[in-house]
Amino acid sequence: MNSDNTGVNTEPSSLTIVLAKRVAEAIAQAGGWLAFDEFMRMALYEPGLGYYANTRSKFGVMPEEGSDFVTAPELSPVFGELVAAQVQDAFAHTQTSEVWEFGAGTGALAEQMLSALGDACTGYTIVDLSGSLRARQQERLARFGDKVRWASELPAQLQGVVVGNEVLDAMPVKLLLRRQGVWLERGVVVAAQEGDAISFGWAERPTALRPPVEPDLPAGADYLTEIHPQAEAFVATLGDRMTRGAAIFIDYGFGESEYYHPQRHMGTLVCHHLHQVDSDPLALIGLKDLTAHVNFTGIAVAAQDAGFDVLGYTSQAHFLINCGLAAKMEKLDVIARSKAAKLMLEHEMGEFFKAIMLAKGVPFWDAAGFVQGDRMHRL
């Protein structure tokens, strides 16, 4: 039997049962209906139980490892080396020397960047809500000594370069449903409960909330989508705290016109479990990653409102190529080159993922990762 430091059993069956009870209690306290963003927060981050807060394996290349998905740093160390090249460029233009990484996962990206940056980086702070992941990070990054620190929140003032790879997509979203021309907010209710077995269902309530773009739909057509108040509030807080520096976010998503296109009528919310994708976030809670694509237009607008300049927005492929991917690949053997290629290939991560870079308190500059292929006009 596995348990975390809270003493909660983390075997899959019992973990799900305990978390389901916790969610059912929250639903009862909320009057029988819980907004989806609060459900998603509990499913991902409830202490000791949520997906990112329990001790189960999450990151890896194969499902046989017990993992659910692979991120770019686990796929190839070239990723972190190239992000470090953009960080080095940002250090020079912001006259800073510290990195703040959000949601560092296994610590793979931190390890790659610290190795590549060397003495140019005087401090590396990881902000991560997961105690179990923090323990893995500390073990992996022990050789870097006191240069690496951990924090549970941002300081009152911040100078440096912020990095977030697949962070914005894991921030809870609100679900909005337009049915027969009326906008509703989708939430979660207890559908059935018998002993320890609890199942959840959907229920909608009228709302004044709206997506930033009204989709052009046939009369009577249903349309489900997400809005991202928490991710946008995070960027606003970052802007409020940062006095001088830059921020780089890499994630999957679109600009606003693509995000709220009429053809995307089922939204973007999906789950990842054992390298399989499904669309049922109400099942196996605590055992599946819940994620929604990023509305990069919303991030850019929130950033500008918070005093940031948006330096660039492009595909991951263009970002990595601009940072020197071709030269890196020439030095790799065949197997390593094949893995690195997945970072840029259109049908792999290259087009699906985007990069956006922000800066505050410094003059605008042509950031290295965006010199070719910039897509600011598509935000």
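A pocket is here an open set of points on a 1 Å grid over the protein atoms alone, with protein on both sides within 12 Å along at least five of seven lines, and lining residues have an atom within 4 Å of a point. A volume is the space filled by probe spheres set on the points, which are joined across faces, edges and corners. The model is predicted, so that local features need pLDDT of at least 70 and side-chain atom pairs count only at pLDDT 80 or more, whereas totals for chains, interfaces and linings use all residues. Residues are numbered from 1 along each chain as its sequence is written, and side-chain values use heavy atoms, with hydrogens and water left out.

The second largest pocket holds about 440 Å³ of space. Its lining comprises 19 residues, with Phe 69, Val 70, His 272, Met 349 and Phe 353 nearest the centre. At least two lining residues each come from strand S11 (270–273), strand S12 (276–278) and helix H13 (346–350); helices (H or I, at least four residues) and strands (E, at least two) are DSSP runs, numbered from the N terminus. By class, this lining has 10 nonpolar, 4 polar and 5 charged residues, where Ala, Val, Leu, Ile, Met, Phe, Trp, Tyr, Cys and Pro count as nonpolar, Asp, Glu, Lys and Arg as charged, and the others, Gly among them, as polar.

The largest pocket has a volume of about 790 Å³. Of its 35 lining residues, Tyr 45, Gly 103, Leu 129, Val 167 and Met 171 lie nearest the centre. Elements that each supply at least two residues to this lining include helix H2 (36–45), strand S2 (98–102) and helix H7 (229–241). The lining of the largest pocket has 18 nonpolar, 9 polar and 8 charged residues.

Helix H9 (residues 296–305) is largely enclosed by the rest of the structure, because 7 of its 10 residues are buried (under 20% relative accessible area, with a 1.4 Å probe and protein chains only). Among the buried residues of H9 are Phe 296, Ile 299 and Ala 303. The buried residues of H9 are in contact (heavy atoms within 4.5 Å) with elements including H7, strand S10 (242–254) and helix H8 (256–259). At the N-terminal end, Asn 295 caps H9 through a side-chain oxygen 3.2 Å from the backbone nitrogen of Thr 297. Gly 307, whose phi is positive, near 95°, follows H9.

The structure contains 0 disulfides (pairs of cysteine sulfur atoms within 2.5 Å). Cys 323 is in no disulfide, the nearest cysteine sulfur, that of Cys 121, being 17 Å away. Cys 323 is buried, with a relative accessible area of 13%.

Key: 1 Å grid on protein atoms, 1.4 Å probe; cavity = no way out; pocket = protein on both sides within 12 Å on 5 of 7 lines; lining within 4 Å. Buried < 20%, exposed > 50% of the residue type's maximum accessible area, 1.4 Å probe, protein only. Polar contact = N/O pair within 3.5 Å; in protein donor to acceptor, adjacent residues only side chain to side chain.
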